Each structure stands twice: as structure tokens, then as C-alpha cells.
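Trainee: Please take a close look at one part of this structure for me. I would like to follow the charged side chains and how they pair.

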Amino acid sequence: MDTLLRVDHLKKYFPISHGFFGGKKLFVRAIDDISFEIKKGETVGLVGESGCGKSTVGRTALRLIEPTDGKVFFGSEDIFQLDREHLRAIRRGMAIIFQDPYSSINPRMQVLDIVAEPLRTHTSLKGVALRDRVFELLEHVGLGEEHVNRYSHEFSGGQRQRISIARALALNPSFLILDEPTSALDVSVQAQVLNLIADLQKELNLTYLFISHNLAVVEHISHRVVIMYLGKIVEMGHTRQIFSSPRHPYSEALLSAIPKPDIDEDDTQILLKGDVPSPVHIPSGCNFHTRCPRAQEVCTMSKPELCEVEKDHFVACHLHR
């Protein structure tokens, strides 16, 4: 498969002080030199604890926020090098669905205007043609014509997320970032939205970056998985590789927390010691060594690089050197 999106040594540091009176500037290292790629038609799950930089990766990859360093290629174009006009044109091929459908939809707009907004901005559709396109998009996500004149407060959380999906699909994008699209929904509704996302991928040949902390959901929907810790990628590979034989101690701890439906399965959970270090004061050496149950002296001094432990399975850990 061809590569649709390639992230190359991406960094995003947020300044939190300006070094007044000769003081040292401080930064939150939300993304600290990561690289990965997404093939056309596949879903890559991006997982990790809250605060590890997952959502920042999604927003920076679409250039909703500017990077500190690195490149992101959409097809053959480095989106960080595009001027305003060319960026606007290439954005027709990408979209994002946010975590909270309550805050990502304007409560003062009717559904017709919410879904039609990108069409009015990027196309010349008007009148009946515009309305017909909105009807078509709503039908794709399981809503109907009777919903177009309602406001967002008249819908459930699941229906609001369907409206967000319809809006994201308005310009026929090939790439969608799904930023925890089901975490704000009831469990009974999550499965419906996930099935809708999977069906749309097959029907419209979409490519997804699926950001989540819910490992069970990621296992269900993803072809490949990227695991982050404190702004760094610690492991990535095919879903079956990650979930059947995780190689990084952090991955092992994460996966051990997934509830086991079979009472005969080993459900021993690996409890990590200590708290996640501050992204302002990153530990020396491996970011994870302060909590790692198998840390060695080299882990405190040298940052491990991603290495291939088996075909298409990469781990950043000194245990696999």
C-alpha cells in the first residue's frame, strides 16, 4: 500500500516561561521527535496515558497548531512548507473529529448549517444542490432529512457525534483523525459509532489515525498501533503483534490493565511505581526508566532509539538491543 501520511521527526514544545531577567526558558515537550507513517486505507491506533501527547500529534499533523520542528507529508506535500492558499486546498483531503461532540458543534446553528459550513467555505454549492448534499451526508451517518432544522441540544451524544462525522465527510476527505471519538459517549452508543466508522472506511476508502486510551477499542478497529509515553514513541507494530507479544515494559503494563472476559485467563495487572514525570523536566536517558520495573543503569544515561525486533515491529528499549 502507498503511504498517505508520513510524520518525520516531529516535535512540538510549548513555552511556559520566557526567561525574564536571564532565567532559563522552560518548555512542555508535548511531542519529542517522533516518526511514523500511515498507509492508504488503514487505521493506525495512537495510544498512551492522558498527557502523553496523542491529541497534540493529531492537531499538529493537520497543522491546526504549528510544529517546533519536523515534517509531515500528506501524499508528497510537506504541509508545513505550504502557504495559506495551498494549505487551504490540501485540507480538503483531511478532516478531524473531536472527542467531545457537545463542544465541537456550535449550539446556535441548525444541523443544516453545521454540515453545510465546509461546503459553503470550499465549494460553490448553493440552494437545492447544497441541501441535497447535506441530506446525502446525514443519510451516510444514519440520520435523516427530519433532523436538518434542529439544534444540537435536541440530540443525544451519539447523534451529535454522527453530525460531527457528517460534517467531516462533507468534502470527501481521504484522511480522518479521530480524536477519542467515543470516549464521551455511553457504552451502549460507543459500539454503534465504532461500527459506523468502520463501515464508512470500507464504503469510502478512508484512512484513519485513531487516537484513544481505550485499548480494547483500539484492538477492535486498528490495523497497526503506535504507543506513546511522555512525548515519545515506545513501541509500534501490527495490532496482533502488539497485543499478543508486547516488547516494551510500558506496553506490557498498559495491556495488563485490559479487563479479561475469560475468568480462566491470567488477569495479573502490572502496577507501575511512581507518577508520570513532568513533561517540562524530562528524565535523563529513557523517559520511562523512573517507573520501569526492569530499568538498568544504561536506561538512566542513554535514550533508546526505535529498533526493529521483528518484521514491522519496532521498540525503543535497551532490553532489545
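Mentor: Glu 310 counts as partly exposed because its relative accessibility is 29%. In this predicted model, Glu 310 forms a salt bridge with Arg 247, and the closest N and O atoms are 3.8 Å apart. Glu 310 belongs to strand 11 (residues 307–310), while Arg 247 sits in the loop between helix 8 (239–244) and helix 9 (249–256), so the pair ties together parts that are 63 residues apart in sequence. Arg 247 has a relative accessible area of 25%, so Arg 247 is partly exposed as well.

A search of the whole structure gives 11 salt bridges. Another one of them joins the side chains of Arg 133 and Glu 136, at 3.3 Å from N to O. Both residues lie in helix 4, three residues apart, which is about one turn of the helix. Arg 133 is buried, because its relative accessibility is 13%; Glu 136, at 39%, is partly exposed.

Arg 29 and Asp 32 also form a salt bridge, with the closest N and O atoms 4.0 Å apart. Here Arg 29 is partly exposed at a relative accessible area of 34%, whereas Asp 32 is buried at 7%.

Some charged residues gather instead in a patch of negative charge on the surface: Asp 132, Glu 139, Glu 145 and Glu 146. Of these, Glu 145 is found in the loop between helix 4 (127–140) and helix 5 (157–168). Glu 145 has 53% relative accessibility, so Glu 145 counts as exposed.

Note on methods
Residues are numbered from 1 along each chain as its sequence is written. This is a predicted model: local features need pLDDT of at least 70, side-chain atom pairs count only at pLDDT 80 or more; totals for chains, interfaces and linings use all residues. Side-chain values use heavy atoms; hydrogens and water are left out. Patches are made of residues with over 30% relative accessible area and no salt bridge: like charges are joined within 9 Å, nonpolar side chains (Val, Leu, Ile, Met, Phe, Trp, Tyr) within 5 Å. Accessible areas come from the Shrake-Rupley method with a 1.4 Å probe; for residues, only the protein chains shown count as cover. Lys and Arg count as positive and Asp and Glu as negative; His and the chain ends are not counted. The place of a charge is taken as NZ of Lys, CZ of Arg, CG of Asp or CD of Glu. Helices (H or I, at least four residues) and strands (E, at least two) are DSSP runs, numbered from the N terminus. Buried means under 20% relative accessible area, exposed over 50%, partly exposed in between (1.4 Å probe, protein chains only).
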